[in-house]
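Let's take a walk through this structure together, stopping at a few contacts along the way. Have the sequence and the 3D view open as you read.

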Amino acid sequence: MNNIERRDKELPYISDESVMEEQKVCRRILQRLNTVDRSDFDSIGKIVEELLGKSENAFINPPFYCDYGTHIEVGKNFFANYNCTIIDVAKVKIGNNCQFAPNVSIYTAGHPIHPVSRNSLYEYGISVTIGDNVWIGGNTVILPGVHIGSNTVIGAGSVVTKDIPDWVVAAGNPCRVVKQITEEDKKYYYKNREFDAEAWEEICKL
């Protein structure tokens, strides 16, 4: 197998010339995204669509960084705030209605821990999956192989090293479940602050 085939099978591979040629395509698109007029939302949206391919109503606040773009699959209404980094050596699949706060990083890439193996230049990528309706707090780091369930919130500053289930708030380093999300949580917008009547009426229509 060549190194692209090895990479895509989540086997150890070396970033040779063929691998770097794929990354060059992505970097040219990122150069445009990260230097576009930040108030030109239409142009940003079009570049994001070009970078990610199939997407519906996805928006990324630049700057944004990734290796390929083509290895990132997002659902409807994806939003990533400033300084998002997705090292998409392996597949990153993100569901519908997901939101990333600033400085979120997803790493599918890694290197062997033994220095001899690491110095061989072999590296790897292990896929990451995020379900629907997930909110990732600022400065969160998600490591290779992690699955985050649907309707879950990851607290700011978390380092997600293991799978997180559906319908929970999880936080910390390493990230752990803090609480279940229940129907009672629906009426609050921040801690013990309840939605006002006008906002609550709109929410109840959803």
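**A walk through sheet, rings and charges**

At 37% relative accessibility, glutamate 21 counts as partly exposed. Bear in mind as you look around that this is a predicted model. The side chain of glutamate 21 meets that of lysine 24 in a salt bridge, with 3.0 Å from N to O. Both residues belong to helix α2 (residues 17-33), where they sit 3 residues apart, about one turn of the helix. Lysine 24 is likewise partly exposed, with a relative accessible area of 41%.

This is one of 9 salt bridges in the structure. Another joins aspartate 185 and lysine 179 at 2.7 Å, N to O. Aspartate 185 is partly exposed at 24% relative accessibility, and lysine 179 is partly exposed at 37%. Elsewhere, salt bridges with shared partners link Arg7, Asp8 and Glu22 into one network.

The side chains of arginine 7 and aspartate 8 meet at 2.8 Å, N to O. Is arginine 7 buried or exposed? With a relative accessibility of 2%, arginine 7 counts as buried, because the cut-off is under 20%. Aspartate 8, in contrast, is partly exposed at 48%. Arginine 7 has a further contact to look for: it lies over the face of tyrosine 68, 4.6 Å from the ring centre.

Now turn to the aromatic rings, which form 4 pairs. Phenylalanine 59 is buried, at 17% relative accessibility.

Another pair, tyrosine 189 with phenylalanine 195, is tilted: the centres are 5.6 Å apart and the planes make an angle of 50 degrees. Tyrosine 189 is partly exposed at 48% relative accessible area, and phenylalanine 195 is partly exposed at 27%. Together with Trp200, these two residues make up one aromatic cluster.

Finally, look for the open sheet, whose 4 strands run in the order β3-β6-β11-β14 with parallel pairing. Which strands stand at the edges? They are β3 (72-74) and β14 (147-148); each has a single partner strand, so one side of each is left without a neighbour in the sheet. The partner of β3 is strand β6 (residues 92-94), and the two pair in the parallel sense over 3 bridges.

Note on methods: Residues numbered from 1 in each chain as written. Predicted model: local features only at pLDDT ≥ 70, side-chain atom pairs only at ≥ 80, totals over all residues. Heavy atoms only, no water. Phe/Tyr/Trp six-rings, centres within 6.5 Å; stacked < 30°, edge-to-face > 60°. Buried < 20%, exposed > 50% of the residue type's maximum accessible area, 1.4 Å probe, protein only. Lys NZ or Arg CZ within 6 Å of the ring centre and 35° of its normal. Pairing = 2+ DSSP bridges. Salt bridge = Lys/Arg side-chain N within 4 Å of Asp/Glu carboxyl O.
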